Amino acid sequence: WDPIGINDSAPNDEYDAYIGVIYRSLASGASEADLAEELRKLELTQIGSATSPAHRYSVANKLKHLDVSFH
C-alpha cells in the first residue's frame, strides 16, 4: 500500500503511523470491505492522496491473509 507512490524513495517507516489502525481492524475481524474503507479514510483524512477502489481492495485482500493472532 503506497497511496502517494513514494515507496522507492521514502523512509522505511513512512506509513508506520497507520499500522495500529489497520491492526485493530484486522484483529477485530474486519471484512475486506471494512479494511478497504479504513484505507480510504486514511488516504483522504491523513495522507491527502487516494488510490483506486480496486487497489484498496487488493491491499485489503492481502491484509486479510495476514495472521495477526498472538501465539
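Before we go on, a note on what you're looking at. This is a predicted model, where local features need pLDDT of at least 70 and side-chain atom pairs count only at pLDDT 80 or more, while totals for chains, interfaces and linings use all residues. Residues are numbered from 1 along each chain as its sequence is written, and side-chain values use heavy atoms, with hydrogens and water left out.

Now the overall picture. The protein chain has 3 helices and 0 strands, and along the sequence that reads α-α-α. Helices here are DSSP runs of H or I with at least four residues, strands are runs of E with at least two, and numbering goes from the N terminus. Of the 71 residues in the chain, 30% are buried.

Let's visit helix H1, residues 19-27. Which of its residues are buried? They are Ile22, Ser25 and Leu26. These three sit on the same side of H1, because they cover an arc of only 100° around the axis; that arc is taken from the directions from the helix axis to the C-beta atoms.

Our friend Leu42 lies in H2. Leu42 and Ile22 are 20 residues apart in sequence, and their C-alpha atoms are 9.7 Å apart in space. After H1 comes Gly29, whose phi is positive, near 85°.

Tyr23, also in H1, gives us another view: at 30% relative accessibility it counts as partly exposed.

Last stop: the loop between H2 and H3, where we find Thr51. Is Thr51 buried or exposed? At 17% relative accessibility, Thr51 counts as buried. Its side chain makes a polar contact of 2.7 Å with the side chain of Glu43. A polar contact is a pair of N or O atoms within 3.5 Å; within protein, one must be able to donate a hydrogen and the other to accept it, and residues adjacent in sequence count only if both atoms are side-chain atoms.

Methods
Buried < 20%, exposed > 50% of the residue type's maximum accessible area, 1.4 Å probe, protein only.
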